[in-house]
Amino acid sequence: MKETIQKLWRFCTTPEMISYLVFGVLTTVVNIAVFSVCHDSLQWGWEVSNLLAWLLAVIFAFFTNKLFVFRSKSFALKLFLFELVSFFGARLLSLGVDMVGMWLCLDVIQMHSLLAKIIVNFFVILINYILSKLIIFSKKHEPNRGG
């Protein structure tokens with residue numbers, strides 16, 4: 001048990017994980033802020049507010065993940081397009097989780113919108129990290145790295 005906790009701690013304190021958490025928090029702030037402004041201040045429906053929040057957060061997340069978290073510095077067209085399309089494709093999966101989660105929290109359970117957004121974002125962040133780490137920004141796709 002102690003060894004498992006130590007491994008988990010080492011994983012959680014790697015520079016990559018720390019930067020993912022920092023930029024994940026910032027991406028979540030973008031997502032929640034845009035959602036709150038659109039839904040609470042502008043009185044837009046939660047669906048449109050959530051989609052716009054998702055789009056702006058994904059654009060922000062793509063560039064911060066590419067450059068600072070996974071340190072994929074290449075802008076060679078083929079690699080950049082692979083990363084961009086893969087990133088947005090994976091985020092479509094998490095958008096589905098986001099929309100279903102928000103529907104459950106808001107329409108079914110009738111939870112407060114801000115609390116719902118925070119809870120749903122926890123699951124979205126977890127899914128996004130796994131997909132980014134294992135598929136999108138995998139080192140095997142970079143030139144001279146065996147991919």
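## Salt bridges and a pocket

D98 is buried, with a relative accessible area of 2%; buried means under 20% relative accessible area, exposed over 50%, and partly exposed in between, using a 1.4 Å probe and protein chains only. K117 counts as buried too, at 0% relative accessibility. Before we go on, a word on the model: it is predicted, so local features need pLDDT of at least 70 and side-chain atom pairs count only at pLDDT 80 or more, while totals for chains, interfaces and linings use all residues. Residues are numbered from 1 along each chain as its sequence is written, and side-chain values use heavy atoms, with hydrogens and water left out.

Back to D98 and K117: what do their side chains meet in? They meet in a salt bridge, 3.2 Å from N to O. That term stands for a side-chain nitrogen of Lys or Arg within 4 Å of a carboxyl oxygen of Asp or Glu. Side chains of opposite charge can pair when their charged atoms come close.

How many salt bridges does the structure hold? There are 3, and here they are:

| Pair | Closest N and O atoms |
|---|---|
| K7 and E3 | 3.5 Å |
| E83 and K66 | 2.5 Å |

Helices here are DSSP runs (H or I, at least four residues), numbered from the N terminus. Both E83 and K66 are buried.

Now for K7 and E3. Both sit in helix α1 (residues 2–12), 4 residues apart, which is about one turn of the helix. K7 is partly exposed, with a relative accessible area of 48%, while E3 is exposed at 51%.

Next up is the largest pocket, which holds about 150 Å³ of space. A pocket is found on a 1 Å grid over the protein atoms alone, as an open set of points where a 1.4 Å probe fits, with protein on both sides within 12 Å along at least five of seven lines; lining residues have an atom within 4 Å of a point. The volume is the space filled by probe spheres set on the points.

Which residues line the largest pocket? They are F11, M17, Y20, L21, F122, I125, L126 and Y129. The largest share of the lining, 4 residues, comes from α5. By class, the lining has 8 nonpolar, no polar and no charged residues; Leu, Ile, Met, Phe and Tyr are among those that count as nonpolar, and Asp, Glu, Lys and Arg count as charged.

Conventions. Helices (H or I, at least four residues) and strands (E, at least two) are DSSP runs, numbered from the N terminus.
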